[in-house]
2 protein chains.
Amino acid sequence: MLMQNVSMNYEGENVAGIREVATTAGVSMSTVSHVMSGKRHVAPATRARVEDAIARLGYTANPAAAQMRSGRSGAIALVVPTLENPFYPLVAAGMQDILVPRGLLLTISESNGPGGQDVLRHLIARRVDALVAAPFGLNNKLLGELREAKIPFVTLGRVSAAGGDLVHTDDVEGAREITTHLIERGYKKIAFIGGEKEAGTTRERFEGYARAFGSAGRPLVDDDIVFSQFTRAGGRTGAALLLDRESRPDAIVAANDLIAIGILDAARERHLSVPGDLAVTGYDDIDAASLVNPELTTVENPAREIGRACARLLLERLDGDVTDVTRTVALSHRLIVRQSS
Amino acid sequence: MLMQNVSMNYEGENVAGIREVATTAGVSMSTVSHVMSGKRHVAPATRARVEDAIARLGYTANPAAAQMRSGRSGAIALVVPTLENPFYPLVAAGMQDILVPRGLLLTISESNGPGGQDVLRHLIARRVDALVAAPFGLNNKLLGELREAKIPFVTLGRVSAAGGDLVHTDDVEGAREITTHLIERGYKKIAFIGGEKEAGTTRERFEGYARAFGSAGRPLVDDDIVFSQFTRAGGRTGAALLLDRESRPDAIVAANDLIAIGILDAARERHLSVPGDLAVTGYDDIDAASLVNPELTTVENPAREIGRACARLLLERLDGDVTDVTRTVALSHRLIVRQSS
DNA sequence: CTGAAAGCGCTTACAG
DNA sequence: CTGAAAGCGCTTACAG
C-alpha cells in the first residue's frame, strides 16, 4: 500500500497538516497558506474560519516543507574555538537576541575539538543560511568553501576573510584608554605584559599602550615590555621578570584579565600591595575580573553586543539589503575602573 | 513559466541535485539514493560511477528534502536559563561531543530572556527532534506541551518532569564528601551557608552536610546553619552573621563557589586568614574557584559529562532503543582540594 | 476573492 | 541488481 498523505510524527501519531486545516475550515490549502503568510488578501469571514481551524487543530506548519520550497533552512551557525571560553557563549546570547524574534534557529559548534575541521563542511552540507565564525582554528581553504557555497558569513576578530563581513572591538583604542587612565593616575613607570607575541590581540593592545605613551610624550622603555602567554601562568612569569629587577614598575598593563590575575599572584608572592605598590589592569572583563582581590580595573569587551552586531549583519545580507561590499563593524569598549589601579 | 526541477540556492546559482548526479553517472535517482544511504546493494561498478559523479559535482543531499520524508529535523535543542552562567555552555559542549559525529545540529536558547516562555513553543513548532532543558524558569504547562508533541526530552537537575529523562549529579554525596574532608582535617566547628532555602540545590547540599555530621557522630548546630542566596553578596552576608558571633566557626561549607567567594570577602574584611583562622569550601568548581586567593577547595560539577549523558539519553530514545520508562542518570562529582581548607 | 495543480529534492515501496 | 513513479507537506504561479 502506498503511503497516504496524512501527516505523522515519528511516533506514528497523526499531526494536523495544512490539508486537515483546509478541510476543517472548508477552504483550499492555498487559502490556508495565504492566511498564514499574509501574502494575499483573504476575506475576513474566511480568514476567521481558517484561524479558528488552525487554533482548534493546533496547527503549525512543518518547517521542513517550507524550507524545501524556499531553499532556506532557517538556521544560523556560530563556530567558536571552544565553548570553555566564557566570551563565546555571550556572543551566542547576543545573536539569539536578534535571531529568536525572527524565528531563526542558532546552532553552535566548537572548532577546536577532534572533528573541528569537519564542522564547517558539515554546516555547509546542512545548508545553514548564514554563519559567524571566530576564524582562529579555521584555515582559509574552508573559508573559501563557504564563499563558494554562497553562505553569508561574518568573522570575529581582526582577520578579515575576503567575502565576509567583520565584527571586532577597537582594542587599540581600549588599550590606549586604560593606559592613559594609569598615566593620569600619576603612575610613573608603566610596564606592559602581552600574550603570545604573534597574536593579533597582543599586537593591537600593545599598539594602544604605545599610543598612550606617544600622546603623553613618554618614551617606550624596552625593558618594561614583556611578551608571554594569555594565561594566568603567563602573567605570573612575565611579572616575575619585571618585579625582580632593581627598578620595578609601579603599574602594569596586562593584555588580558588572566594575565592580570597572574600578575596579582606574583605581587602577592612578593608582598607588594595592589594598587599601593603596584597597579594592575586587565582586558576583557571576564567574570573573574570582579571576583579576584583586589578587583581588576579592566576594559569591557562587549561580547553580547558583538553577537548582536553579527546577527544584524547576517540578516541584512539574507534580506538582500546589501551589495557585495564587505562591511566592518567596530564596537566600543568600556573602561571599568575597580580597585587594582 | 513553471519552475523547473533544477536545484538552486537562494542566490539563484545552480547547485548539483540528485538528478544531476544520476544523469552524470547514467543511473536512476533511486540508485544514487541507495549508494548514499547504503540501504540496498549496488553493483561495485555502478557504485563507483555514482561515487565519482558525487565527488565531481560536489553533491551533498539537501537535508530539508530528506527531513520532509523522514519527519525528523535533525536538530536537538538545549534550553538553559542563561548563557551567562558558564556551566551551561559546557553542557552544550558535552552534547556536541555526541551529536556532531551523528550529524545532528545543536541549537541553544535562553529561557530567562524577554521571550523566554515562547522559546519552548518555538522549538516545538520548529520540530526539533529532542530537547534538553534546565527546567528552572519553565512551567509545567510547557513541559506538558512537550510531552504532547511527543518530543523526547531530558531535564537537568532534580525536578523530574514526568515523561522525560533526568540527568543530575549526586549533590548529596558531593556535599557529604567535602564536609567529611573538613572533619578529617580536624576542624571543630563547621558551619553551612546555603543558597535560596527552597532551591533543590540548597536542600541536597545541606542534606550531604547533615549526613557527614551524622556519620561522624556530630550533632547539627542550628546556629551554624544559614540560608542566603547563591551569589557572592549572599555569601558575604551569611558569613557576616556567623563570623561576628562570640564563638565563630573555624570552617564553613558553602553551597556553591560564589557563596564561598563571598565568605572569603567577609574573612578578609575581618582580617581572618584562610585557612588558618577559617577554612572555606565551595561547590561546582567554576573557573573563578581556582582564580581567587586562596584557591577554593570545591566539588567539581562535571558539566561536559552532563551534556554527554543528556545527548546519549536522547539518542537512545530517538533510535527507539528505549521504552516509556523514565530514566535517571546520576553523575559523580569529584572533590578538589586546594588552598582554602 | 479563491481554488486546482505543479513543483521543491529527496526516499521508498513496487515492479522487474 | 536496477528503474519508474508516488509521495513527504508545503508554496506559488496560473486561472477564474
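**Ground rules.** I worked on a predicted model, where local features need pLDDT of at least 70 and side-chain atom pairs count only at pLDDT 80 or more, while totals for chains, interfaces and linings use all residues. Residues are numbered from 1 along each chain as its sequence is written, chains are lettered from A and ligands numbered from 1 in the order in which they are written, and side-chain values use heavy atoms, with hydrogens and water left out.

**Entry 1: helices 1 and 3 of chain B.** I began with helix 1 (residues 18-25) and helix 3 (residues 44-57) of chain B, whose axes lie 9 Å apart at an angle of about 125°. Helices here are DSSP runs of H or I with at least four residues, strands are runs of E with at least two, and both are numbered from the N terminus. Axes are lines fitted to C-alpha atoms, for helices over the stretch in contact, and angles run from 0 to 180 degrees between N-to-C directions. Helix 1 and helix 3 of chain B are therefore oblique to each other (under 35 degrees is roughly parallel, over 145 roughly antiparallel, 65 to 115 roughly perpendicular, and the rest oblique). On the helix 1 side I found B:Glu20, B:Val21, B:Thr24 and B:Ala25 making the contact, with B:Arg49, B:Val50 and B:Ala53 among their partners in helix 3 of chain B (contact means heavy atoms within 4.5 Å). I sorted the residues of this contact into six nonpolar, one polar and three charged. For that sorting, Ala, Val, Leu, Ile, Met, Phe, Trp, Tyr, Cys and Pro count as nonpolar, Asp, Glu, Lys and Arg as charged, and the others, Gly among them, as polar.

**Entry 2: a sheet in chain B.** Next I traced an open sheet of four strands in chain B, with parallel pairing and the order 7-6-8-9 (strands pair if DSSP finds at least two bridges between them). Strand 7 (225-227) and strand 9 (279-281) of chain B each have a single partner strand, so one side of each has no neighbour in the sheet. Direction ignored, neighbouring strands are turned by 15° against each other on average. Strand 6 (residues 190-194) and strand 8 (residues 251-254) of chain B pair over four bridges, and B:Ala191 stands opposite B:Ile252. I also noted helix 8 (residues 171-184) of chain B packing on the sheet, touching strand 6, strand 8 and strand 9. Helix 9 (residues 200-215) of chain B packs on the sheet too, touching strand 6, strand 7 and strand 8.

**Entry 3: A:Ala75.** I looked up A:Ala75 in strand 1 (residues 75-80) of chain A. Its relative accessible area is 6%, so A:Ala75 is buried (under 20% is buried, over 50% exposed, in between partly exposed, with a 1.4 Å probe and protein chains only). Beyond residues up to four places away in sequence, A:Ala75 touches residues including A:Leu105, A:Val128, B:Leu105 and B:Arg126.

**Entry 4: A:Arg232.** I found A:Arg232 in helix 10 (residues 232-243) of chain A, buried at 14% relative accessibility. Leaving aside neighbours within four places, the contacts of A:Arg232 include A:Asp265 in chain A and B:Ser290 and B:Glu295 in chain B.
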